[in-house]
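Trainee: Hi! Could you walk me through this structure while I have it open?
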Amino acid sequence: MEIFTEHVNGIMIHKITIGHIHESGCTGCLAALMDNYQGIFTILDKYADLVYGLTLVDVRKIPKMDVALIEGSVCIQDKLATDEVREVRDKSSVVIAIGGCACSGNITRFDRGGQQNQPQHESFVPVSDLIDVDIFVPACAPTPEALRNVCVMTYLLLRGNDEQKALAGMYLKPLMDLARSPYGSKASFNTLMQEVINLGLCMGCGSCAAACPVRAITMEYGKPQGLRDLCVNCGACFSQCPRSFFDHELMEHHEQIMGMLKAVMQ
Amino acid sequence: MNVLGKYKSVVSARSTDKEILKASQDGGIVTSLFAYALEQGIIDGAVLAGPSSRPWQPQPFVATTRAELLKARGTKYNICPQISMLKEATRSYGLDKVGIVGVPCQIQATRKAQLYPIGMRDVPDKIALVVGIYCMEVFPYKGMQLIVEDHAGQKLQSVKKMEIGKGKFTVITERGNVTQLPLKVTHKYEQPGCHVCLDYVANTADVSTGSVGSPDGWSTVFVRSRIGEDVWGKAMAAGCFETKPIDQVKPGLEMVTKLATEKITKNQKTVDERAHFGVGKALRNPYI
Amino acid sequence: MGKVVEISPTTRHEGRSKLVLQVDDEGIITVGNWISVTPVRGLEKAVLGKPMEQVPKLLSRVCGICPVAHALAAVEAIETSIGVEIPADAHTLRVILHCANRLNNHALSNIFTLPDLYIPGTDRKINLFSPEEPMRSIARRIQRIREIAQGITEIAGGEAIHPTNTRIGGMYYNITSRAKQKLTDLAKEAVDIVKTQMDFMIAVLRNFQRRDWTEIGGRQIPIPRNLGYHSEGYLATDSLYGTSSRTSVQSWDPDHLREIRPWNFYMGEVTIDLEDSTYPIGGTTAAGTVVHPKREATNAIPLYNGRPVEVGPRARMALYQGFNEKGTIGQQVARQMEYMTDVHEILNRLDTLNTSGKVLTDPIPPGDGKTLAWATTEPARGTNVHFVRVREGKVADYSMIVPTTWNFPVCSKALSGAPWQLAEVIIRGYDPCVSCATHMIVLDPDKNVVAQNLIR
Amino acid sequence: MAAPLGQYKMVLFARTTDKEILRGAQNGGIVTALLSYALDTGIIDGAVVAAPSRSKPWRGKFDPWRSEPIVAMTRDQLLSARKTGYNISPNVMMIKEATRSYGLDRVGIVGVPCQIQGVRKAQLYPIGMRGVPDKIALVIGIYCMEVFPYQSIVQIVEDHGGVKMESVEKIEIGKGNFTVVTERGRTIQIPLNETRDLEQPGCHVCLDYAATLADISTGSAGSPAGWSTVFIRTKIGDEVWKRAMQAGLFETKPIGQVEPGLGAVEKLAVEKITRNKKTLEDRDFIGTKGLRNPYITT
């Protein structure tokens, strides 16, 4: 079974339904998805119908959908928000938390209420604290490529043939494990320390320093130094680190997978 | 377990560029390949390990001219966080076709940045040439300083070249004296992160090169990916390298396989031991 | 007596808001309440006590489509409070970054509003996601403009969404000459595409203006001549970039700023008694629901000289270029005209940029906590004001008045006189960003007036 | 449900005989009188109390209704802390500092039930409270139904009440109303269901109304205007109360005689605990997974 084929024939064009749900985020994640530019048209032409997304379409009630992209953390003092999150879990088969807020709380971890006009809005939790989330796409803002890869692989997981399902499962497994791990929803530079450096896994490659969206990480004598007073808890450093998760067999076929992803987007 | 990874061809090679060969670690493969690629516009810059304010401490930098490339020659054997400059190369440096050289873990990081670009927006498609170098282990700067200044009794500032090979850690100074240490002495200073590494010859690079398996002054070069094959082919056509078939040189591919097997077996054992490091508790294993 | 209808949530803009409208018997809005229902992340409270270097990075994340506006306003306000000057090349990079983000936002606003408009000479609305022509080529052109704008933001700002290159005292990296070449090429390509898009948009807007009805939920709704007219004033602090409390010529006076809470502006408790299930898509709120706008609202109400003021492209063009068209169409036309300003400003600034110049000042004082400084930037949606007091490197006080916060009360006034089905078309004229607008607390207004309820 | 009013040796109505204290007191002046007596007699050498904020200006001025903990070591300081503003004053914050730069050895503290829980935890689990457990000499609790963030108080008084903060004389919560009395004599009553959502969310999981862990706890509930219902709970509380009584510090009335009596206190306690227990249960179904419940139920 050659699952790492580059050519794309045999993908049945049988669209899935996809929705974007905006909780307490800043729409940066939706902007990142839209920053696939022409790729968005390929996805919407061939693979997915956008059935919900207040920012893009006029649908006002959440319909049933195959894949729900949730952006933003959830204010547990806002009944509308908590009800909506439960409704999304109920109505979608795959729930993907996109961006730092939905995955690990991001800047809303610092919120503590006391502000007009609702001083009691003080507690914001990542989505996976309230419902089971299937896949995480961390980082603030998530990258268009990461969102595209996850969307394509999720499509293959749902509609691909056996080989494609196997490949999609392999690719998505670490992001699914992250969604269920004890540290996934609490990711910050701390996680990089506690789950990589303190466990003797860091080899000073610098991936974290490059991935950090607030330049909180510098490399000192070959090891990351994270300014906790700059970190926004987005989880990019931990997830980008090759020693957070790494699948040798998958990565050895990087050329074929990159090729396949490019072909899918033509 | 194919310890050498997938490759399209392997050959013993040496650069034909005298200037590069003057101060290269072995066959001058990396510097020549990048010099050629830069000239031909295959890449418009490369992330390399260049000099820093401290002697023999490398610092990643973005080289966009031949002169800058030459500054990065010679292995430093201590940690150089290459990937920390990978994104910046596409940002304030404005590059669109980025070359990068790295040890196997850094090549793995590069491929992860392409496949899981969690924090690497607009980097995946801008990586144009990935050159890997063999690596048995890497020392933190202070560890390497200790080896050279205490065990080898040399001043870091006066060291001209360092080599690890044939079971020896060799230090050569500017004024020509040579000190050799048994590798056994240096093991405890190795970076712990290296002890879980299961890749000796940069299996996922486009082209990977190292001294092992080839005679002195030559390098054993694996051509692995389509890009690697394409760039290596053009460079060969342009006469950048002279090559010998790998089976006609001593000690040949068996030595590479031997060392690779040795490293991967040793480290796999470490990975397995970590599974029961505590009492009924494991240290987290990043590999799926 | 009229009825009350509620459109919740409103669509095709950033964030979550809703409309509670009192309408007369013909369905014409008499009193419109447009309120934000986005939970209050309370970032102005969250930054209190935090090191000043972190604050711009946190506040950039108030909004994901206009992050540069907040990052720059925060950085400039803090620099004004601690009294530090930044090198000229750093300022040049900031202006380039600012214009690129505006360019992206103007293109985004086209994506939000085009589905309301018609292809000139036809009765077909413009669905940007449909693959047929001419929709697809319009959509490709908009995405190409965004690609260029985000590309420039990425190079000059370090990241397309949430800039990483800005810092207190200037920037982290100056760009290389090659990067400058790349930016120049991108901007040059943008000049023509942007001109085409501007002309196209203005043609479509004028066509909509000449129409006498628009189809909503299967019915033809008459378009009033004075769609979105209001008689409030305008506010703009600069025609392009922004100002601060240390700018020599002051273009506005914060002392005339009054802030009241929604309690004194919006309706009290009302029961919805007009329901329309045909309103696209999914209908309006069920009759019988009891809503309480002034308690549910999460935005607050800034008043300038005691009146709401409109901010945004039209306000800038009116105050600095004598633009005098009123109403929603006038607003949208002014927005399209600003396309040209952004692109040409980028090109001019690139010429003056010295890529080997210093971009960071040194040293950076910690601030004595005495000066309550403010800085404004003028992003796509209007005047964005940040107030700050920094003491010993920590933020002691922080407040923001975000463009859409200014526009919430004005737009509520502008709703009157239009059929309720067009209320969303009017609010889209302001290209609202509601997650931003949910950020405004009263900083130093001991002159706060407990206004009588302005409307009843 | 465990006894809603907790363990106590004695409960009675009381009022201080100290006229100066009584004048500005919230109810019977019990707290201020007890602390100032204890200060004079050396039972304590200082007390953590909630006073009008001096360090946190709001809108450029120090709003007396915004409270902040201070370590009071003189009678005047105690007098400045008489009125309650119903907004959060993090008293336990100062309990360690009292034993450090303030140099106290016998620390008194007054607090709402959650703060008293904090003090007792500091004594039993002094994870970060070195030297504090043995220096706590007198713990006085006050009854509490809920507390508001400061901005909520501003919003209730100025919007719902239509009154400027500067002109408020007294704030009182009781009998279903949030009552604001202005200096020029106007009284405004705002029904509590109108202010419900502006309460501090943390209060909605609190299962203690009458400060059951305090040495002595007091509050207006159940007692006539100008009096307080006082529970004497611990050995220390008993000793201090007896000495104060011998010194003629308080007038008292037995609990049975005066309306509305202990029943009113119990009713409020049961109402609060029941409502908050329900919130705790609801928190298990906010999503499909529950939110963490801090209370250990053996």
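Trainee: Let's begin with helix α2 of chain D. How many residues does it have, and how far does it reach?
Mentor: Keep in mind that this is a predicted model. Helix α2 of chain D covers residues 30-41, 12 residues in total, and spans 16 Å from its first C-alpha to its last, close to the 16 Å expected at 1.5 Å a residue.

Trainee: And is α2(D) enclosed or open to the outside?
Mentor: Largely enclosed by the rest of the structure, because 10 of its 12 residues are buried.

Trainee: Which residues of α2(D) are the buried ones?
Mentor: They are D:I30, D:V31, D:T32, D:A33, D:L34, D:L35, D:S36, D:Y37, D:A38 and D:L39.

Trainee: What comes just after α2(D)?
Mentor: There you find D:G42, with a positive phi of about 85 degrees.

Trainee: Staying in chain D, what is the strand order in the sheet of eight strands?
Mentor: The order is β3-β2-β4-β5-β9-β10-β1-β11; the sheet is open and its pairing is mixed. At the edges stand β3 (67-72) and β11 (250-253) of chain D, each with a single partner strand, so one side of each has no neighbour in the sheet. On average, neighbouring strands are turned by 30 degrees against each other, direction ignored.

Trainee: How do β5 and β9 of chain D run, parallel or antiparallel?
Mentor: Parallel: three bridges join β5 (residues 136-142) to β9 (residues 216-219) in chain D. In one bridge, D:G141 has D:S217 of β9(D) as its partner.

Trainee: Which helix lies across β5(D)?
Mentor: Look at helix α5 of chain D, residues 113-124. It lies across β4 (107-111) and β5 of chain D, and runs at about 155 degrees to β5(D).

Trainee: What are the domains of chain D?
Mentor: The domain assignment gives domain 1 as 10-147 + 202-285 and domain 2 as 148-199. Their C-alpha centres lie 22 Å apart. Domain 1 of chain D puts 13 residues into the contact, and domain 2 of chain D puts in 11 residues. The domain 1 side has six nonpolar, three polar and four charged residues.

Trainee: Now chain A. What are its domains?
Mentor: Domain 1 of chain A is 16-184 + 247-264, and domain 2 is 187-233, according to the domain assignment. The centres, taken over C-alpha atoms, are separated by 24 Å. Where they meet, 12 residues of domain 1 of chain A are in contact with seven residues of domain 2 of chain A.

Trainee: Which residues of α11(A) are buried?
Mentor: In that helix, residues 254-264, the buried ones are A:H254, A:E255, A:I257, A:M260, A:L261 and A:V264. Their cover includes α5 (144-159) and α10 (248-252) of chain A, together with α5 (104-115) and α8 (226-237) of chain B.

Trainee: How many residues does the contact of chain A with chain C take?
Mentor: Chain A gives 49 residues and chain C gives 50 residues. On the chain A side, the elements that give two or more residues are α1 (28-34), α2 (38-47) and α3 (79-91). That side divides into 24 nonpolar, 14 polar and 11 charged residues.

Trainee: Last one: what is the order of the three strands in the chain C sheet?
Mentor: It goes β14-β15-β16, an open sheet with antiparallel pairing. The twist averages 20 degrees from one strand to the next. Five bridges join β14(C) to β15 (residues 384-391) of chain C, and C:T377 has C:N384 of β15(C) as its bridge partner. Helix α3 (residues 67-82) of chain C packs on this sheet, touching β14 and β15 of chain C, with its direction at about 40 degrees to that of β15(C).

Terms used:
Residues numbered from 1 in each chain as written. Chains lettered and ligands numbered in written order. Predicted model: local features only at pLDDT ≥ 70, side-chain atom pairs only at ≥ 80, totals over all residues. Helix = DSSP H or I, 4+ residues; strand = E, 2+ residues; numbered from the N terminus. Expected span 1.5 Å × (residues − 1). Buried ≥ 20, exposed ≤ 12 C-beta atoms within 10 Å, placed from the backbone. Pairing = 2+ DSSP bridges. Axes fitted to C-alpha atoms, helices over the stretch in contact; angles between N-to-C directions. Contact = placed C-beta atoms within 7 Å. Domains from an automatic or database assignment. Nonpolar A, V, L, I, M, F, W, Y, C, P; charged D, E, K, R; others polar.
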